Amino acid sequence: MLGAIPPVDLPTWTELRLVMPELVLTVGMVIVLMGAMAARGRPGVPIVLAMVTAIAGMVAVGLTMFEPAEAGIERLIFHQTLAIDPFSQFFKLLLMLTILLVLIQWMGLHRGQDDLEPSDWPDYACLLLGAALGMSLLASARDLLVVLIAMETASLPSYVLAGIRKRRRLGAEASMKFVLIGAVATGLMVYGMSLLYGASGSLKLDAIVGAANDGITPIWAVGMIFLFTGFAFKLSAVPLHFWCPDVFEGAPFDVATFLSVASKGAAVVLLARMVDLFGAYSGSHGGEAGMAMLLGVGIFGAVTATWGNLVALRQTRIRRMLAYSSIAQAGYMIMAVAALSVAGSGHSAEAMTAILFYLTVYLFMNVGAFTLAARISAASGSEEMSSMAGWIHRRPLEVVLLGIFLLSLFGLPTLGGFLGKWYLAVVMGRLGEIGIALVVVLLVNTLFSLAFYLKPLYHMVLQPMPQGGEAVASAGSRSDHSPIGLGVAIVCAAGVFWTGLDLGATSLIRPFGHTAGRGMVETRGDPPAAVQQTIFDKDAESNLRPSSQRPGASLSRTVEFTGDHAPSGSLKPSSVINP
Amino acid sequence: MLLLHVQTVGSSEGWVTLVLFYLFAALSGVSAWALVLSPNIIRMAVYLMLTLAGVAGIYFLLGAELLAAVQLIVYVGGVLILIIFGVMLTSRNPYLNVAPRGGEMALGLVLATVLAVLLAVAVLAAGLPEAAAAAPDDDRYAVRWIGALLLSRHLIAFEVAAVILLIVMIGAGYLVRRRIKANQAGATEGRS
């Protein structure tokens, strides 16, 4: 029996208010297109409109950000398919900031260059906003269908953006590789989702991870591995990282910046949410499931970081070097995500904070490094590091700023990268022996990475400028003189110092990490102070099968939360599972 | 395992369903093999059609009429025709040979075997609930249910799918658009 057909219900005002950032992005896309039509002679209008959208998005995130934080819970809206918690909202703030910086960087790079016709600018802006919409949903997804749709919304425009310089062979090749690897990864992911649905009988992430409670079945494990394959593609984590350097090289610098920061960030947030939910369920049993997940994700991250660093050393072109560096950086974050799989350690809040902090730092240092690499390679006419010899004399400010970003990526104390890695290491260190092993991997990798982060600086500072270098330098395209790109770099440098010297950065980010949590409260009807509800019985999906066979039927969860802000770790609502 | 599954599905007309299931399964399986082994790209497309049609038949047997219809319309109809058109329009010689080299073949075989064993173990050990895949017999309008779910439980996914279509349209439009001639662009866009 199917039971009653569910009523088609309209979203409530609360729900609409909480998805405001996504609505802003969607409306922004339409406005960009319409603005392009309305203001024909002025091609800059759509770009400005896209920037306004990003700023409006930030405001929208700001408005939705603090409300759940006050209640100390996350909001599960649209039948628990989206989670609007401070963790996701903070990422969305970073995302909007990234779009804004990328657009500004784009203005500095492309004006007057031949890559993109002015008639193509609205398309570019629209694709950027569309990809951002997908990433924003990815950060909030609590349901496999939303994960899939959001992943596609983020990926499809990225494929086009990667090949946006469609008259260049390299761009077309990059885009093609991206599409093919993406299609395979998505196919595997969907297959994994179908296995997980078969194993758990639900599309909800919490029900799926909850299905591992009675022990991990082979079908669940295979499904989970396939699902993580899809995540790994977005993260450009090691078995599926091949697209990353090629795409970064074939795409314009601004697209590479966007993909390296926003796309990876969204995937890290999604992975963190998934593993955190897993930790909340399995951790209370402290069984081997948590250990398996810890080992799996930890090794996954360690291999990614090590491989990225090893290959980065061999690169001679600055952009490929930065691409492999971003693979390694993603690996560091994945290693910290592993800490979430054992909630028994009670440090998931700290881990969340550390991940958010690292994402913030990563945004600043990566956007900065890419911006300056773009300017310097545009000015020198080549991306080979050896061709940038002696640039300290030519462009001292830019080289010094690039040095700051590269050393921050390495993790020099007083710069953001150091504190970020420190927090990651602290989180990992609490995991016992595996954690210590992860810390060692992080440390060795960090020391090793110094070798290639110093390489461009060695060429620019210590090598003499070749004869005739002046002529090359002045022959660079005029875009590299624009102060706009430099402005982005200076803002990013300020960000790196702000986080590195810890001028309030940690205390700002901590509440967002700490309230990321496991509370299970629907917004339909205001949540009372203590809520007891059985989620699975209300789930229409599971009505599709007889109740005796529903895996979730035996689970009744008691959720309690208090509204007051308790210090670290104890703020998130405690969830008790009675099997 | 398979027998059990099929019997559950077709509890009313046992053996007809069983025969049909093996028919469709054999159609899918054999043509999938032929697809992989054939060196001719057009033949591959035809074998792909048979595979997809066989899967659609299995969907019908499982009582998922909508899914089967979508499979037929979208995959057998749309995607396949698109593939054939794509091949015919883009390659100089549509009867191109795309036989893999020996090394590729061996690697593919190893990977496929590992995957097949992995999946077989996983599915056989799963003990899927018997009624998990079957739609109930007494409601002939499962489509109505899917529609209602799309507008309630999965509203977000449904709405965002619309946005995906918009983005994909913009992206495709961008990729196929010809370059505007430089002088024309200068005149209309006010470029210096």
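In which helix of chain A does Arg320(A) lie? Arg320(A) belongs to helix α13 of chain A, and the legends below refer to a predicted model.

**Figure 1. Overall view of chain A, a chain with 21 helices and five strands.** Of the 579 residues in chain A, 64% count as buried, and the chain exposes about 19000 Å², of which carbon and sulfur atoms supply 68%. Among the contacts in chain A that link residues at least 6 apart in sequence, 80% join residues at least 24 apart.

**Figure 2. Close-up of the crossing between helix α13 (residues 318-337) and helix α16 (residues 396-410) of chain A.** Two packed helices are described by the angle between their axes and by the distance between those axes. Here the axes of α13(A) and α16(A) come within 11 Å and cross at roughly 35 degrees, and the crossing in which α13(A) passes α16(A) is left-handed. From α13(A), the residues Ile318(A), Met321(A), Leu322(A), Ser325(A) and Gln329(A) meet Leu402(A), Leu406(A) and Leu409(A) of α16(A). By class, this contact comprises six nonpolar and two polar residues, with no charged residues.

Figure 3. The side chain of Arg320(A) makes a polar contact, at 3.3 Å, with the side chain of Asp246(A).

Definitions and conventions
Residues numbered from 1 in each chain as written. Chains lettered and ligands numbered in written order. Predicted model: local features only at pLDDT ≥ 70, side-chain atom pairs only at ≥ 80, totals over all residues. Heavy atoms only, no water. Helix = DSSP H or I, 4+ residues; strand = E, 2+ residues; numbered from the N terminus. Buried < 20%, exposed > 50% of the residue type's maximum accessible area, 1.4 Å probe, protein only. Contact = heavy atoms within 4.5 Å. Areas by Shrake-Rupley, 256 points an atom, 1.4 Å probe, with all protein chains shown as cover. Axes fitted to C-alpha atoms, helices over the stretch in contact; angles between N-to-C directions. Left-handed = near helix turned anticlockwise from the far one by under 90°. Nonpolar A, V, L, I, M, F, W, Y, C, P; charged D, E, K, R; others polar. Polar contact = N/O pair within 3.5 Å; in protein donor to acceptor, adjacent residues only side chain to side chain.
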